[in-house]
Amino acid sequence: MRKLKMGMVGGGQGAFIGHIHRMAIALNGEIQLVCGVFSKDAAVSRASGRELGLAPSRCYDGYREMLATEASLPAGERIDLVAIVTPNASHFEIARMALQYGFHVMCEKPLTLTLAEARELRALAARHERQFAVAHAYAGYPMVVQARQLVSDGAIGTVQKVVVDYVQGWLAEAVLAQRPQSQSQTENWRLDPAQGGAAGCLGDIAIHAAHLAELVSGQAISTVLADLASIGQGRQLDDDVAILLRFGNGARGMLNASQVCVGEENHLTLRVYGSQGSLHWAQQAPDTLALDRAGQPRLSLSSGQPYLCDAARAMGRTPSGHPQGYIEAFANLYRWFYHSMCGTGSTDALPGMAAGVRGMAFIEAALRSNAQGNRWAAIEAEVAA
């Protein structure tokens, strides 16, 4: 299998997530960044490309130019995939054009600004037979895959309750006041509806929590009751989220997400309770998974151990006791994506187009629930399967 060529849109000087994507592909050595548009400012884009060691001829001024030019190159020279790491409002148009030119796509979440746009991309990817992945990186942790397998194997019985928390503190006003102005300006597009869309914290981190809850439990969220708040003074978008969940099998759940909790960094935890046991995983201690079974001592499972399922062992990149983290999880996502493009290996845990569409269905149901006075709202049936 040859090394694939990637172009990137976004992720230039001062950006966070583009650098994460680049480190992830570097860990694998299966995909090479060869071109990009790294900023809406052409000078910044070209300067970013120079810093990354790219050929000047492949540091483009705009994504339309990049996609058209790359599509015109000989098959052995053009890119195979596009990574979209821009603010939310531009995801749809860039992804649509990339698919129309025949490129595979890795896109940051949320997939689009609306469910209708997500459905259009789904149809377009199917029509052009292109692979599409959404960057739900937490799916790439070995112990998340192990938890998913344990639930599937019936180790905790029938899933009855799911509790997921994702809390940060970086948007607390007292914290923002102490951050460098340049850093705040780079990140604060998330507070602008024109760039971030109608969902703030909901679309930034609650969507990750919902995806994780469904992935591990094996159950689709069917209805939600959401209470969205804007605690920061003068904010137009939510920065604090509380959602009650109902799952397709009748299980209940709770999702708590906030970006205004002083003292919290990236506190993502998942608890899945079944009729015979439960599982507990925390992203800030990702190499362990707690397994409780009725009447038995708690088991603490560790990554890299021979007792893990084949898929979880295959994701290990260091010996047991040598911590793996966020970059390695992102790299696992890209490894799955590489295999999906090449048609090799198992990629069933890869967050693909279905995950992207479901994410938008979840966001729209939560927004509708909140707008209707915190009433139960159903997630669109066509993407519930």
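# Close-up views of the predicted model

**View A. Arg190 counts as partly exposed, with a relative accessibility of 23%.** Buried means under 20% relative accessible area, exposed means over 50%, and partly exposed lies in between (1.4 Å probe, protein chains only). The model is predicted: local features need pLDDT of at least 70, side-chain atom pairs count only at pLDDT 80 or more, and totals for chains, interfaces and linings use all residues. Residues are numbered from 1 along each chain as its sequence is written, and side-chain values use heavy atoms, with hydrogens and water left out. Asp204 is buried, at 14%. The side chains of Arg190 and Asp204 form a salt bridge, 3.5 Å from N to O. This pair links distant parts of the chain: Arg190 sits in the loop between α8 (181–187) and α9 (193–196), and Asp204 in helix α10 (residues 201–217), 14 residues apart. A salt bridge puts a side-chain nitrogen of Lys or Arg within 4 Å of a carboxyl oxygen of Asp or Glu. Helices (H or I, at least four residues) and strands (E, at least two) are DSSP runs, numbered from the N terminus.

**View B. Arg119 and Glu380 meet in a salt bridge, 3.6 Å from N to O.** The pair joins distant parts of the chain, with Arg119 in helix α5 and Glu380 in the segment after β14, 261 residues apart. Both ends are partly exposed: Arg119 has a relative accessible area of 24%, Glu380 one of 35%. The structure holds 15 salt bridges. Another joins Arg298 to Asp292, with the closest N and O atoms 2.7 Å apart. Arg298 is exposed, at 54% relative accessibility. Elsewhere, salt bridges with shared partners join Glu93, Arg96 and Glu120 into one network.

**View C. Helix α5 spans residues 115–128.** Its 14 residues reach 20 Å from first C-alpha to last, close to the 20 Å expected at 1.5 Å a residue. That expected span is 1.5 Å times one less than the number of residues. Leu115, Ala118, Leu121, Leu124 and Ala125 are the buried residues of α5. They pack against α4 (91–100), β5 (132–134) and α13 (353–371). Glu129 follows α5, with a positive phi near 55 degrees.

**View D. Ile84 lies in strand β3 (residues 81–85).** Ile84 is buried, at 0% relative accessibility. Beyond its neighbours within four places in sequence, Ile84 contacts Val9, His91, Ile94, Ala95, Val105, Met106, Cys107 and Glu108. Contact means heavy atoms within 4.5 Å. Ile84 and Glu108 are 24 residues apart in sequence, yet 6.1 Å apart in space, C-alpha to C-alpha.

**View E. Strand β1 (residues 4–10) pairs with strand β2 (residues 31–37) in the parallel sense, over six bridges.** Two strands pair if DSSP finds at least two bridges between them. Met8 stands opposite Gly36 of β2. Seven of the seven residues of β1 are buried.

**View F. Strand β7 (residues 221–229) pairs with strand β8 (residues 240–247) in the antiparallel sense, over eight bridges.** Two bridges join β7 to strand β14 (residues 377–378), also antiparallel. Val224 has Leu245 as its bridge partner in β8 and stands opposite Ala377 in β14.
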